[in-house]
Each structure stands twice: as C-alpha cells, then as structure tokens.
Amino acid sequence: MKKKYFALAILLLIAVIGCSVFYHFQTRIRYNNSFVNGNTAGNLYNAGLFCENSGTVFFANPDDNYRLYSMDLDGQNLKKLCDDTVMYINADSHYVYYVRNNDRNSASFGFFTFANNSLCRISRNGGDIAILDPDPCIYATLIGNYVYYLHYDKQQATTLYKVGIDGTDKQQVYNPYIFTCSALGQYFYSNGTEEDGALYQYDTTTDQKTKIYDCNCYKPIVTSDNNVYYLDVDQDNALVHTNIQADNPITLSRDSIDLFNVYGSTIFYQRYDKNDPALCMIKNNGTGFQILARGNYSNINVTSYYIYFTDYKTREVFCTPTENPGELTPFHPGVIQ
C-alpha cells in the first residue's frame, strides 16, 4: 500500500513539474535577436491601422469598431485577436503591439485620452493582453526589444518614452517629443522639434540624436538606400525626395500635402486644396501622377497586396490593389463574434 501511495505521489509531482515547465514556456517573453522594426514609417504616420508581417496582416477592423484582427495578405482567413479598438499596430515574429483606443468611437483616432490609451502586447494568435504602459500613449514604434512611443502625463505633457517588450525599463528618453515612425534597424529618423526642421538620426543603442541632413522637413521617411521623402515646410508641405549622400533635393509635387505613404517607387498622398482635394499617387522620380479619388481621405496604409484609405467625411474604408492602383473598393472584411 505504501508503495502504491509513493508511486502516486511521484506521478503527482511529475505532473506538477510538467505543468510548471509548460506554464513557464507559455508565459516567458520571447525576445528578438535583432533590431526588428514593427511597421513601416508611412503606415505609422497614418495611425498604423494595418501592419504586414511574415505573410499576415494585422489590422483595425472597421466592420467591428476597429478591433484587432488578422488576415492573409489577400484578405482570407480572418481572425479576431481581441476586443480592443486599436491603432499604431506593430508586429514581430512572436507578438503584436498596439495602442488601445477603447474610449473612442469607431471612426475617431484622436490624441491622448486617459485610462484607455494604454500601450499593449498580445500574442500573434490572440490571448491574454499585457499592458506595457497604462498611461496615455500614441505613435508607438517597435525597434528590437523596445517600443518607442509618445507618452503623456500631467507633469510633463508629451515626451518620448521607451519600454521593453516585457514591460520593464520604462523611461523617458527625450523631452520634448519627436516622432519615431521612420525606423531602420537600430535607428529612427525625425525632423527636429525645438531646434529646427532638419533631419535627425536617433541611435537607440545610445539614445543620442545627430543631425544628418539640413532641410526644413516634416514627417520624413528614410529608406534603406539613403533615400529620403519628406514634406518641405518652406514649400507649403510640397513633397520632396533626396538622397542623403547625393544631396540633390527634387520637388516631386508642389501640391500642399496633408499626409503621404511610400511603397517601393510609388508615393500615395492626400492633396490639400479647398476647391479640389484629392487622393493622389506619383512615382518617386516625379512622373506618373494620377488622381485615385477626389475628396478628402486619411489613414493611408499600405501592404504588399492592397492600399487602404479612409474617407474623411463618411469614415468608409476603401482599398485598391498595390501593384495596379485604380478604382477604390469598399473594405468590409466582416465580423467574428
């Protein structure tokens, strides 16, 4: 009888140890081995409502109060990940990071709101949500094992913060704030705020920034081949392209531009014009200008299959193929309860 109870105790101990090991591997944080960047600069400047990563698109579903969903590149295999209304979506091979926007209505993506604008992390397949920062946050950008973002509190208003993907080492890194959207490896690029509008490179390994190009830019996008696209403040937000090494700025369009996004050799932008606003596209050499739709559009997000836009007045979300943009089609992926 004693041997029977002893064997049962051993089996019970093994089961407890097994469950503990399983729980450890299920809950331990999986870190990145490189300075992975969580989304493209253009998408993050446009509220980060879509994020393509490893063949999956994570997005804020307009059919379900902009809650977090995933789908294949072509829109198939729809999956609901959580009930948070989300923006500034980032992803790596293990997790999705986002700013929850739960107290906003389904169409509004405004600035800070207390309590419900937390910075969060969730598994790529959904599940439990980890809050990395419970304070109001916006413009989140994943760089390696840290998320850089704009943080708000009553004492210092809006400043640049970073926090580890495990929720530790939260700290202010720059005051006042600068945008972190245009990230390449360990660096991100931003126009100056308090000093000037020049292009600065920020090294996340040292938390130091260096002026690398003299201009008066707004929301620059830097690509891996040293090309820079920016809105020139001195030209009423005209679209300019230059190469940092060549230093030969070219004005691609003299339209006054509200927002833009770059994909390969194509640039999509919203033209500001009181009489004739329009959603437009142009090649990065200044050719191929085309009006995709007249009216005011926002939230220009690009994936390898589709470009997504939001009608500013109706809040309807549209899409058009990335490779051959043309007529805009309403985007209705459906709802999963």
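A residue is counted as buried when its relative accessible area is under 20%, and in this predicted model Phe59, at 0% relative accessibility, therefore falls among the buried residues. The structure holds 18 aromatic pairs, one of which joins Tyr45 to Phe179 in an edge-to-face arrangement, with 6.3 Å from centre to centre and 80 degrees between the planes. Because Tyr45 belongs to helix H2 (residues 41-45) and Phe179 to the loop between strands S11 (171-174) and S12 (182-184), this pair ties together parts that are 134 residues apart in sequence. Tyr45 is buried, with a relative accessible area of 8%, and Phe179 is also buried, at 10%.

Phe59 and Phe331 likewise form an edge-to-face pair, with centres 5.8 Å apart and planes at 65 degrees. Phe59 lies in strand S2 (residues 56-61), whereas Phe331 lies in the segment after strand S27 (329-330), so that the pair connects parts 272 residues apart in sequence. Phe331 is buried, with a relative accessible area of 10%, and both residues belong to a cluster linked by ring pairs, which also includes Phe50, Tyr69, Tyr305, Tyr306 and Tyr308.

Charged side chains also meet aromatic rings: the charged end of Lys219 sits over the ring of Phe179, 5.6 Å from its centre, while Lys162 lies over the face of Tyr146, at 4.6 Å from the ring centre.

Strand S20 (residues 256-263) is mostly covered, with six of its eight residues buried, and runs antiparallel to strand S21 (residues 266-272), to which seven bridges join it. Within this pairing, Val262 has Ile267 of S21 as its bridge partner. Two residues separate the strands of this hairpin, in which Gly264 adopts a positive phi near 60 degrees.

Definitions and conventions:
Residues numbered from 1 in each chain as written. Predicted model: local features only at pLDDT ≥ 70, side-chain atom pairs only at ≥ 80, totals over all residues. Heavy atoms only, no water. Buried < 20%, exposed > 50% of the residue type's maximum accessible area, 1.4 Å probe, protein only. Helix = DSSP H or I, 4+ residues; strand = E, 2+ residues; numbered from the N terminus. Pairing = 2+ DSSP bridges. Phe/Tyr/Trp six-rings, centres within 6.5 Å; stacked < 30°, edge-to-face > 60°. Lys NZ or Arg CZ within 6 Å of the ring centre and 35° of its normal.
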